[in-house]
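Keep the viewer open as you read.

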Amino acid sequence: MSQQPNSNTPAHAMPPPLERGKGSELIAIRDLKVHFDLGGGGFFDRLVGGSRVRRVVKAVDGVSIDIYPGETLGLVGESGCGKSTLGRAILRLTEPTSGHVLFRGQDLTLFSKIPAWVNLAGLAWGGFVWVVWLMPLARRLTGGLNNFFIDLLGDGVRAALLTFLSYTGLSLLFALAAYYAARGIMKAVARHRSEKGMRELRRHLQMIFQDPYASLNPRMTVGQILAEPIETFSPQRRRPRYSRYVLVALLAVVLAVVGFTGETDGVVRTIARILLGFLIGWLVGLVGEKFSRGRKDMDPTVVDLMETVGLSPRFVKRYPHEFSGGQRQRIGIARALAVNPDFIVADEPISALDVSIQAQIMNLMERLQREKNLTYLFISHDLRAIRHVSDRVAVMYLGKLVEIADARVIYDEPLMPYTKALISAVPVPDPEIEATRQRVVLEGDVPSPINPPQGCRFHTRCPYAIEACKEVVPPLAEIKPNHFAACIRISPEQPHIESVAPGDAPGLRDAQRVIAT
Ligand SMILES: Nc1ncnc2c1ncn2[C@@H]1O[C@H](COP(=O)(O)OP(=O)(O)O)[C@@H](O)[C@H]1O
Ligand code: SF4
Ligand SMILES: [Mg+2]
């Protein structure tokens with residue numbers, strides 16, 4: 001079903017982190033980090049009894065992986081391990097803290113970076129405003145204060161000192177104001193560039209959400225929901241904005257007042273009446289256009305989309321609440337497909353659905369993938385669903401990828417202890433195998449992603465942990481061809497942790513196989 005990566009690539013020949021994607025990958029993610037700063041640790045926090053240390057949620061912490069055209073990469077892990085944040089950061093719906101996401105070699109993260117010249121221009125403008133206007137203003141204001149202090153304290157050292165202090169304080173305040181204004185300019189420019197740059201790319205990158213109901217506008221019909229992205233990305237089909245009607249109507253009122261009251265002279269009144277005539281004509285045109293587009297619900301592209309996802313076009317005028325969960329997810333899928341994307345992040349797309357409907361949606365997604373050559377990042381905590389749809393699987397634990405391999409391989413022969421535990425919890429349909437198979441039960445809960453454990457993040461729950469695991473962050477290393485795992489206690493020579501000598505950490509000797517940390 002999909003194009004697989006070159007299976008015999010030696011690990012040291014893999015692109016090192018941050019090499020700009022020249023290979024066959026559709027998406028290349030390099031050392032991606034998303035940290036949420038919850039604050040704390042500052043002077044005021046201590047003063048008001050807040051957190052004494054700065055609290056940062058390291059939701060995604062150094063993820064590197066390639067996604068190949070036409071494949072489904074399953075992303076699995078316990079709740080709260082950072083799957084959704086990773087998916088959103090790839091599409092830049094959440095701004096990454098650092099790292100790179102390349103789509104066909106184009107770095108999406110660069111759009112949000114402020115170019116050096118904007119920084120310099122902003123600061124130069126802020127400095128200019130400060131020197132030319134704000135400093136003289138501070139001097140003028142404190143000049144008045146000087147007289148006030150002299151009146152109050154007499155013409156002595158104390159009055160001079162107070163004047164000097166107020167001048168310095170005011171200048172400092174103005175300098176800060178100029179700096180923040182300059183920063184605002186820089187940010188606005190960066191945001192404008194970012195939106196402009198991402199706009200075209202956004203068409204290729206879409207998302208399907210877990211809860212289609214929450215992500216569908218309840219006041220729009222299915223027809224309108226599906227027509228919206230089509231119009232957004234094809235300007236010739238864009239509808240006139242309502243704000244335009246309001247502006248035109250306001251202008252018409254002003255012209256009517258000028259044209260039909262006796263206050264103005266004859267020429268002005270005549271011009272106002274002529275303009276009013278034009279405006280009314282235009283307004284009629286706009287309203288006519290709106291009404292002609294009122295039938296856009298039956299747009300052939302919308303009808304096509306509905307049929308593609310198995311919804312009857314008869315429902316085009318219905319609202320989301322009139323559909324079942326499965327049907328709503330079909331609308332969510334159709335909306336993502338409306339702009340002919342290449343890559344779709346499906347974040348728990350079946351988790352909110354009944355089991356009987358789950359298979360239908362998975363089959364629909366598979367069919368669409370074949371027909372439209374789509375590439376999926378399929379996020380789920382449900383290992384059985386992941387197994388069903390994925391070509392490759394990436395396992396995530398507390399913000400890091402800990403194992404990547406072909407779906408079949410990862411289920412039949414997991415290498416990293418966390419993956420082993422996850423897989424062992426999946427029931428097997430065969431009752432005989434189910435009765436005899438061994439389960440690895442994990443002790444304790446997932447630690448908090450705020451200040452996560454040092455070393456291997458899994459060491460607090462790992463049955464194989466040794467002292468070194470608390471200190472060394474295990475690199476994601478190629479243990480078998482195209483099978484990557486992050487554990488210092490295994491290596492290509494000793495891939496099975498059960499057969500490694502007690503206390504030994506063969507992975508530590510294997511630094512050249514590291515592809516990412
Ligand atoms: N906007 C946010 N602000 C602060 N913390 C967040 C935010 N979004 C997610 N998190 C935290 O990041 C971690 C990962 O969340 P998430 O990506 O939703 O996990 P998953 O999808 O694997 O369940 C969680 O601890 C969550 O609380
Ligand atoms: S590095 Fe240590 S703690 Fe981490 S998975 Fe391997 S054995 Fe367990
Ligand atoms: Mg999630």
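By class, the residues that make up the shell around ligand 1 come to five nonpolar, six polar and one charged. Before going further, keep in mind that what you're looking at is a predicted model. The residues around ligand 1 are F36, V57, A59, G77, S79, G80, C81, G82, K83, S84, T85 and P449. Two elements each give two or more residues to that shell, namely β2 (56-67) and α2 (83-90). Which element supplies the largest share of the shell around ligand 1? That would be α2, with three residues.

Since α2 has come up, let's stay with it for a moment. Is this helix enclosed or open? Seven of the eight residues of α2 are buried, so the helix is largely enclosed by the rest of the structure. The buried ones are K83, S84, T85, L86, G87, A89 and I90. K83, S84 and T85 also belong to the surroundings of ligand 1. If you follow the backbone just past the end of α2, you'll run into R92, which takes a positive phi of about 60°.

Now zoom out for the big picture. The protein chain has 15 helices and 13 strands. Of its 517 residues, 31% are buried. If you look at contacts with a separation of 6 or more, 66% of them in the protein chain are between residues 24 or more positions apart.

On to the second ligand. How many residues surround ligand 2? There are 13, and the closest are C456, H459, C462, C469 and C487. By class, the shell around ligand 2 splits into 11 nonpolar, one polar and one charged.

Two packed helices are described by the angle between their axes and the distance between the axes. Start with helix α6 (residues 222-233) and helix α10 (residues 325-337), whose axes come within 8 Å and cross at roughly 25°. That angle makes α6 roughly parallel to α10, and the crossing is right-handed. On the α6 side the contact is made by V222, I225, L226 and P229, and on the α10 side by I331, A334 and R335. Sorted by class, the residues of this contact are six nonpolar, no polar and one charged. An α-helix has 3.6 residues a turn, so residues three or four places apart point the same way. With that in mind, have a look at V222, I225, L226 and P229 along α6.

Then turn to the other pairing. The axes of α10 and helix α11 (residues 355-372) come within 10 Å and cross at roughly 20°. That makes α10 roughly parallel to α11, and here too α10 passes its partner α11 in a right-handed crossing. From α10 the contact takes in G325, G326, Q329, R330, I333 and L337, while α11 brings I357, Q360, I361, L364, M365 and L368.

N340 sits in the loop between α10 and β7 (343-347). Although N340 is not a glycine, it has a positive phi of about 50°. Further along, E348 is found in the loop between β7 and α11, and it also has a positive phi of about 50° without being a glycine. Are these two buried or exposed? N340 is exposed, with 12 other C-beta atoms within 10 Å. E348, on the other hand, counts as buried, with 21 C-beta neighbours inside 10 Å.

One last stop is V248, which you'll find in helix α7 (residues 242-260). V248 is partly exposed, because 17 other C-beta atoms lie within 10 Å. What does V248 contact, once its neighbours within four places in sequence are left aside? The answer is L279, W282 and L283.

Methods:
Residues numbered from 1 in each chain as written. Chains lettered and ligands numbered in written order. Predicted model: local features only at pLDDT ≥ 70, side-chain atom pairs only at ≥ 80, totals over all residues. Near = placed C-beta within 6 Å. Helix = DSSP H or I, 4+ residues; strand = E, 2+ residues; numbered from the N terminus. Nonpolar A, V, L, I, M, F, W, Y, C, P; charged D, E, K, R; others polar. Axes fitted to C-alpha atoms, helices over the stretch in contact; angles between N-to-C directions. Parallel < 35°, antiparallel > 145°, perpendicular 65-115°, else oblique. Left-handed = near helix turned anticlockwise from the far one by under 90°. Contact = placed C-beta atoms within 7 Å. Buried ≥ 20, exposed ≤ 12 C-beta atoms within 10 Å, placed from the backbone.
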